[in-house]
Amino acid sequence: MTPPARRGHIPFNRPRAVGLEQAYIAEAIARGQLSAGGMFTARCCEWLEAETGCAKALLVHSATAALEMAALLLELEDGDEVIMPSYTFVSAANAVVLRGATPVFVDIRADTLNLDETLVEQAITSRTKAVMPVHYAGVPCEMDVICEIAHAHALCVVEDAAQALGATYKGRAAGNLGDLAAVSFHETKNVTSAEGGALLLGDARWIDRAEILRDKGTDRGRYFRGEVDKYSWADVGSSYGLSELNAAFLWAQLEAAAELTAERRRVWDLYHEALEPLEHAGRLRRPVVPADVEHNAHIYYVLLDGDDVADVLAELNARDVNAVFHFVPLHTSPAGRRFGRAAGLLPHTEATAQRLIRLPIWSGMSEGQALRVVETLAAVVRERVSA
C-alpha cells in the first residue's frame with residue numbers, strides 16, 4: 001500500500017491524473033450507462049487493438065481476471081500443468097490452481113529476471129498445456145524461443161503482460177507475442193483505471209467464447225448486437241467486466257499513454273545513469289535490458305551486493321524514501337508448496353528475492369526527487385560499508 005504523502009516524503013507510487021478523467025466520468029454518468037460495455041469501454045478496446053495488433057481486446061476488472069479467463073479458455077483441468085516463473089505475482093498461479101491444474105515453476109534468467117527460455121523445454125511433460133511467461137519490469141521475455149518451443153509441443157502461450165503495456169520485443173508489441181495476454185491498469189501501472197485490466201486475444205478464434213466467459217457465461221454480447229432475440233446461459237463464466245466509470249478514467253489515461261510512459265522513462269534513465277558509479281563499485285547491480293527490447297520503464301530495481309535488503313529498506317524508509325521489495329518466490333510460499341511444484345533448482349529466483357529492491361518511480365516525479373532517492377540509497381549502502 002502506498003503510504004499517505006507527507007512533506008519531504010517520496011512515495012513508491014503516486015498515480016497521476018492527466019486532466020480529463022473527471023470530465024469523461026461525468027460524460028459517462030450523463031450518458032446513463034455505468035456498467036460494463038459502454039462507449040468508453042469500446043474506445044479503450046479499440047485503442048488496445050490498434051496499439052498491440054491483437055485480434056480483440058476485452059476490458060476486465062483486473063489482470064487477475066484476464067488470467068482466470070485465459071485458464072478457462074484453455075480448458076485447464078485437474079492434472080494439467082502450466083509452466084511459469086516462480087518470481088512473479090500470485091495471480092498467475094492462482095488462475096491455474098483455480099481450474100485444478102498445477103503451476104510448474106521454472107527459474108529466471110540472471111540478467112533480465114524473466115523466465116529462462118532455455119529451461120522451458122525440459123520442464124514440459126505429457127500433462128503440460130501452456131507456458132506463461134511474465135514480462136518482468138516491462139522488459140519482454142525472449143518470446144521467439146518460448147513460442148517456438150511451446151508451439152512445437154502444441155502448447156499455448158499466455159503472456160502475463162501486466163507490467164508491459166507499451167513495451168516491444170523486436171519491434172512487436174508486448175501483449176501480442178503469444179496466443180493470449182493479460183495486461184493491468186492497477187494504480188501502480190503506467191496507465192491506470194485505479195483497478196482494471198484487459199484480456200488480449202491473439203487469434204479471432206478465441207473471441208466468441210471469451211465474450212461469453214466475461215459476461216457470466218451468457219451470450220449477452222450476441223443479444224446486444226441483435227444476433228439473438230434474448231440471451232441465456234451458454235457456458236461457464238463469471239462477472240469479469242470493467243465498469244464504464246473505470247473505462248472513462250482509463251480512456252483519459254490511454255490518450256496520454258505516450259506522455260505518461262515518456263515521463264516514467266525520464267526518471268528510469270536518470271536513475272540508470274546516476275547509479276552507474278555504485279554498480280562499478282560493486283555495491284549493486286542495475287537492470288539489464290536486451291538490445292532488441294524497448295521497455296516501458298514500469299519498474300526501476302537494483303540488486304544489492306552484500307547488503308541485507310530488509311535493513312536497507314528500513315533505512316531508506318526511515319529517511320522518507322519509500323523503496324519496497326518485490327515477490328516472495330512462489331515455490332517457497334506455503335500455497336506454492338501445496339499447489340505447485342518446481343522444475344529443478346531455482347537459484348536465480350531465490351537469489352533475486354534476497355537482493356532486489358524497487359525504487360520509487362511514477363509519472364510526474366521531479367528530477368530533484370529522483371536524485372534524492374539516488375543520494376539516499378548511496379549514503380545508506382556506503383554507511384553500511386564503513387560501519
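How much space lies in the second largest cavity? About 60 Å³ lies there, in a model that is predicted.

**Cavities**

- The structure has four cavities of 30 Å³ or more.
- The largest cavity has a volume of about 70 Å³, and 14 residues line it.
- Nearest the centre of the largest cavity lie Pro 15, Arg 16, Lys 189, Asn 190 and Arg 264.
- Sorted by class, the lining of the largest cavity holds five charged, five polar and four nonpolar residues.
- The second largest cavity, with about 60 Å³ of space, is lined by 13 residues.
- Ala 137, Val 139, Pro 287, Val 289 and Tyr 301 are the lining residues nearest the centre of the second largest cavity.
- In the lining of the second largest cavity, 10 residues are nonpolar and three are polar, with no charged ones.

**Cysteines**

- You will find zero disulfides in this structure.
- Cys 156 is in no disulfide, and its nearest cysteine sulfur, that of Cys 147, is 10 Å away.
- For Cys 147, the closest cysteine sulfur is in Cys 141; the distance is 9.9 Å, so the two are too far apart for a bond. A disulfide here would need the sulfur atoms within 2.5 Å.
- Cys 147 counts as buried because its relative accessibility is 10%, and the cut-off for buried is under 20%.
- Cys 156 is also buried, with a relative accessible area of 15%.

Note on methods
Residues are numbered from 1 along each chain as its sequence is written. This is a predicted model: local features need pLDDT of at least 70, side-chain atom pairs count only at pLDDT 80 or more; totals for chains, interfaces and linings use all residues. Side-chain values use heavy atoms; hydrogens and water are left out. Buried means under 20% relative accessible area, exposed over 50%, partly exposed in between (1.4 Å probe, protein chains only). On a 1 Å grid over the protein atoms alone, a cavity is a set of points where a 1.4 Å probe fits but cannot get out, and a pocket is an open set with protein on both sides within 12 Å along at least five of seven lines; lining residues have an atom within 4 Å of a point. Grid points are joined across faces, edges and corners, and a volume is the space filled by probe spheres set on the points. Ala, Val, Leu, Ile, Met, Phe, Trp, Tyr, Cys and Pro count as nonpolar, Asp, Glu, Lys and Arg as charged, and the others, Gly among them, as polar.
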